Amino acid sequence: IVTEELCYYDKYPQTSQLTRKDFIDSKGDTVRDIFLYPTDNSLNPPYNEMVQKNMINIPVKTTTIKKSVTVKTAELKYHSWGSGIFAPKSSLSQKGVGAPYTTSEAIAYDEKGNVLTMSGIDKLKKSFIYAHQLQYPIAAVMNALYTEIAYTSFEAPETGNWTYSDTTRDRTDAITGKQAY
């Protein structure tokens, strides 16, 4: 069995972006993946802003074709969330020529580009709390918005979505860990 994979960078040679990939099996059948980038949709927001910020290497749409028939399409719809954050608003899939359907949707992001609340194909919300300079998720909660949840270990500088009247931390009398309120 011999298979061949051919990669093409012909549409954007100056950026070396993969534009299509052909998989040829031992029977000579070809499956082609076609990749589109923000530059392919640069007349429309937020893609025009992404191109201006040189955010051009993110595939936003992939179409798979077999025997000249579209088999599936996957698309990330980007959104400007403010503070220079461009991130997916929704992820769409399409099988063949059927209607596209949403597989996931982002509801909110933080200032570092971390997703705060999202929903999947089941439409259930999943929210996250981040700590340690907003680098790591420390809590994930199902069926709630980010604004409805709170958690903190008291060790990280973030308050974990809690509201404190006095943010002074006691570092001498913590029951567990090194800090308490």
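Which residue in the turn of the hairpin formed by strand 8 and strand 9 has a positive phi? In this model, which is predicted, that residue is lysine 123, with a positive phi of about 70°, and four residues lie between the two strands of the hairpin.

Let me stay with these two strands for a moment. Strand 8 and strand 9 run antiparallel and are joined by three bridges, and if you look across from threonine 117 you will find serine 127 of strand 9 standing opposite. Threonine 117, which lies in strand 8, also has alanine 108 standing opposite, and that brings us to the pairing of strand 7 with strand 8, which is antiparallel and extends over five bridges. These two strands form a hairpin as well, with five residues between them, and here the turn holds glycine 113, whose phi is positive at about 90°.

Going back one further strand, we come to strand 6, residues 86-95, which pairs with strand 7 in the antiparallel sense over four bridges. Serine 93 stands opposite tyrosine 101 of strand 7, and in the hairpin that strand 6 and strand 7 make, with five residues between the strands, glycine 96 takes a positive phi near 55°.

Now to the packing. The largest nonpolar core has nine residues, namely Ile85, Ala87, Ala106, Tyr109, Val115, Leu116, Phe128, Tyr130 and Leu134. Strand 7, strand 8 and strand 9, which span 101-109, 115-120 and 125-131, each supply at least two residues of this core. Apart from this there is a second, separate core of five residues, including Tyr47, Met50, Val60 and Phe86.

I would like to finish with a charged residue, aspartate 33, which lies in strand 3, residues 30-36. Is aspartate 33 buried or exposed? Aspartate 33 is buried, and yet has no salt bridge, the nearest side chain of opposite charge being that of lysine 21, 6.0 Å away. What the side chain of aspartate 33 does have is a polar contact of 2.7 Å with the side chain of threonine 64. Again not counting residues up to four places away in sequence, the residues that aspartate 33 touches are Thr19, Arg20, Lys21, Phe23, Thr62, Thr63 and Thr64.

Notes: Residues numbered from 1 in each chain as written. Predicted model: local features only at pLDDT ≥ 70, side-chain atom pairs only at ≥ 80, totals over all residues. Heavy atoms only, no water. Core = buried A, V, L, I, M, F, W, Y, C linked by side-chain atoms within 4.5 Å. Buried < 20%, exposed > 50% of the residue type's maximum accessible area, 1.4 Å probe, protein only. Pairing = 2+ DSSP bridges. Lys, Arg positive; Asp, Glu negative; His and termini not counted. Salt bridge = Lys/Arg side-chain N within 4 Å of Asp/Glu carboxyl O. Polar contact = N/O pair within 3.5 Å; in protein donor to acceptor, adjacent residues only side chain to side chain. Contact = heavy atoms within 4.5 Å.
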